[in-house]
Amino acid sequence: MNLIEEVESILKEAQVFLPTSQTEEELDKNKNLFIGKKGKLTSVLKKLGNLSIEEKKAIGKRANEVSTELEETVNSLREKIKKEQLEKLIYSEFYDTLRPIKSQELGSLHPITKIQYEIEDIFVSMGFSIMDGPEVETDYNNFEALNFTSDHPARDMQDTFYVSDGNLLRTHTSAIQVRALKVLKPPFKIIAPGRVFRYEEVDASHENTFYQIEGMAVGKDISAANMVYTMNVLLTRIFQKEVKVRLRPGYFPFVEPGFELDISCTVCEGKGCAVCKQSGWLELLPCGLVHPNVLKLGGLDPNEWTGFAFGLGLDRLVMMRYGINDIRYFHSGNLRFLKQFV
Ligand code: PHE
């Protein structure tokens, strides 16, 4: 290959190779391979020494032309690379402000909380205050002051979880009766909603963690009639229809007399069906008149003061209201269950 042919082949090679450059940096590097100080074209010119003047002129001229042409090629490649990079940048930063967004899913109240708020409103409208108490209670507040002596057999029905300092997870909201007697001056009417705990064999209708709403009214001449009236107002408003109530005797150490309050079956209206086992009645809540010992331990004279108390099982009420057949759904975190109450 003579030198002029070499120059032509450098041109051809450069025209194929230069366009493979991806960045400006790479392009400059590749350019130097051909027309830089140490490039191929320069090395051809270094070999001109032995040639005639004409040949030197001809090759020098051609080399200059090739150099100019490659310079132009490099310039236009540089423009192309810049343009591509800008387009890439614009594309990567493109933000479509008109694209429809996925709408945010809002949470909602748990069905138990919903009904709890409803019940709170009903009681507040009857002049009750709402009280709260701790979930870890003393033995005294949970049992002793409610007339469960330390060897009382009724304690067995409410076995629970004890913490190392001798306190326990409260088995019922009745502990708040004791707290109310300590801090409030009669007459007073309170309800106390809260979470309670029992050592329980879990099944469709029993949980180790559930909710109660305690109620207590203390005043002069408070009787079972006041209690039945209050329960009637509550239940009629909760079930949004007239419900009948009846009392049966029931035993709890902190009430005397104690009752189980039943309501006429909300499914068959008292005619008899599978839900009420053909009896026409559903067992709803325990209640009674505050035991004189409880008043005495609370610092009140039972000859002067009387009261009623009740313990509403909130889970059970919510199950009746919505037709839920398994208590375990409540703490399952199952969204398909929870979304029904949005
Ligand atoms: N605390 C009782 C229980 O959990 C219920 C109750 C409350 C009974 C108030 C009578 C009066 O079983």
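Pro187 is placed in the loop between α7 (175-183) and β4 (188-197), where helices (H or I, at least four residues) and strands (E, at least two) are DSSP runs numbered from the N terminus. The peptide bond that leads from Pro186 to Pro187 is cis, with omega near 0 degrees. This is a predicted model, in which local features need pLDDT of at least 70 and side-chain atom pairs count only at pLDDT 80 or more, while totals for chains, interfaces and linings use all residues. Residues are numbered from 1 along each chain as its sequence is written, and side-chain values use heavy atoms, with hydrogens and water left out.

A cis peptide bond also runs from Glu256 to Pro257, with omega near -5 degrees, and Pro257 belongs to strand β7 (residues 255-264). Asn147, in the loop between α6 (139-142) and β3 (168-169), has a positive phi near 75 degrees although it is not glycine. For context, most residues other than glycine have a negative phi, and most peptide bonds are trans.

The domain assignment, an automatic or database one, gives domain 1 (3-92) and domain 2 (111-341). The centres of domain 1 and domain 2, taken over C-alpha atoms, are separated by 93 Å.

Around the ligand there are 15 residues, of which His172, Ser174, Arg198, Gln212 and Phe310 come nearest; a residue counts as near if one of its heavy atoms lies within 4 Å of the molecule. The shell divides into seven nonpolar, six polar and two charged residues, with Ala, Val, Leu, Ile, Met, Phe, Trp, Tyr, Cys and Pro taken as nonpolar, Asp, Glu, Lys and Arg as charged, and the others, Gly among them, as polar. At least two shell residues come from each of β5 (209-219), β8 (281-290) and β9 (306-313), and β9 supplies the largest share, three residues.

| Residue (polar side-chain atom) | Ligand atom | Distance |
|---|---|---|
| His172 | nitrogen | 2.9 Å |
| Ser174 | nitrogen | 2.8 Å |
| Arg198 | oxygen | 2.8 Å |

On its own the ligand has 320 Å² of accessible area, and the protein covers 95% of this, as computed by the Shrake-Rupley method with a 1.4 Å probe.

Note on methods: Polar contact = N/O pair within 3.5 Å; in protein donor to acceptor, adjacent residues only side chain to side chain.
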